[in-house]
Amino acid sequence: MKRCSTNGQVDTSIKNQSVSVKQTIEDNGIAMVESTGVLLYILETYGNGCLRPAPGTADAMRFFQWLTYIEGSAKGPVLQFFRLLRAPANDATRAQIEQAVAVPLGLIDTALANSETIVPGQFTAADILGAQKVAIVNE
C-alpha cells in the first residue's frame, strides 16, 4: 500500500463547518460542494495515488461503486436508521424504517463480511465517506 504524504503546501482551503453541512472546498478560486465530488477532486488533484485503488482494476470498480452507493442509494435509509436508534422503542415509524434500511445495510454488511474496509486490505476515501455518515448521526 502506498504511504501518503503532503510533501509541501496544498492550495486548498477546507471550510470549517459541521459535518452535517454540505462539505465545501475552495481551490484555485473556485468553490466546490458535494461530498463525493469533493473527494474525487482531491484524490485526482492532490492524492498522488493515495486513498484509492489503482485505476482500471477490479478494486477501482469496487471503490467507485461503494463511493457512489454510500452517498447515493444508501444515504437516506441509513441516516433514517441511525436517527431511529435514538428514538423511543415504541416509535411509530420504526418498522417502516427498519424495512427500508434492510437492503442497503445488508449490502454493506455483505461487502464488509471478509474485510474491515470497502476495498479489502486497502483503506480508501470510500471508507472515509462511510465514516462521515456515522459522524453526522453522532453530531
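I take buried to mean under 20% relative accessible area, exposed over 50% and partly exposed in between, with a 1.4 Å probe and protein chains only. I note that this is a predicted model, in which local features need pLDDT of at least 70 and side-chain atom pairs count only at pLDDT 80 or more, while totals for chains, interfaces and linings use all residues. Residues are numbered from 1 along each chain as its sequence is written, and side-chain values use heavy atoms, with hydrogens and water left out.

**Entry: overall layout**

I looked up the secondary structure, where helices (H or I, at least four residues) and strands (E, at least two) are DSSP runs numbered from the N terminus. The protein chain has five helices and three strands, and from the N terminus on its elements follow the order β-β-β-α-α-α-α-α. Of the 139 residues in the protein chain, 32% are buried. For accessible areas I used the Shrake-Rupley method with a 1.4 Å probe, in which, for residues, only the protein chains shown count as cover. The accessible surface of the protein chain is about 8,700 Å², and carbon and sulfur atoms hold 56% of that surface. With contact meaning heavy atoms within 4.5 Å, I found that 57% of the contacts in the protein chain with a separation of 6 or more are between residues 24 or more positions apart.

Once neighbours within four places in sequence are set aside, the contacts of L67 are T36, L39, L40, A125, A126 and L129.

**Entry: aromatic pairs**

Rings of Phe, Tyr and Trp (its six-membered ring) pair if their centres lie within 6.5 Å, and planes under 30 degrees apart count as stacked, over 60 as edge-to-face and the rest as tilted. The structure holds three such pairs. In one of them, W66 and Y69, the ring centres are 5.2 Å apart and the planes stand at 90 degrees, so I record this pair as edge-to-face. W66 and Y69 are about one helical turn apart, because they are three residues apart in helix α2. I list W66 as buried because its relative accessible area is 8%, and Y69 as buried because its relative accessible area is 16%.

**Entry: salt bridges**

I counted a salt bridge wherever a side-chain nitrogen of Lys or Arg lies within 4 Å of a carboxyl oxygen of Asp or Glu, and this rule gives three salt bridges.

- R62 and D59 are joined through their side chains at 2.6 Å, N to O, and both lie in helix α2, three residues apart, about one turn of the helix. R62 is partly exposed at 31% relative accessible area, and D59 is partly exposed at 28% relative accessibility.
- E71 and K75 are joined through their side chains at 3.1 Å, N to O. E71 counts as buried, because its relative accessibility is 10%, whereas K75 counts as partly exposed at 25%.
- R94 and E98 are joined through their side chains at 3.7 Å, N to O, and they are about one helical turn apart because they are four residues apart in helix α4. E98 is partly exposed, with a relative accessible area of 36%.

**Entry: loop residues**

I looked up the phi angles of two asparagines. N28, which is not a glycine, has a positive phi of about 55 degrees; N28 sits in the loop between β2 (24–27) and β3 (30–33) and counts as exposed at 56% relative accessibility. N48, also a residue other than glycine, has a positive phi near 50 degrees; N48 is in the loop between α1 (35–46) and α2 (58–71) and counts as exposed at 54% relative accessibility.

I also looked up S115, which is in the loop between α4 (94–111) and α5 (125–138). S115 counts as buried because its relative accessibility is 13%. Apart from residues up to four places away in sequence, S115 touches P120 and G121.
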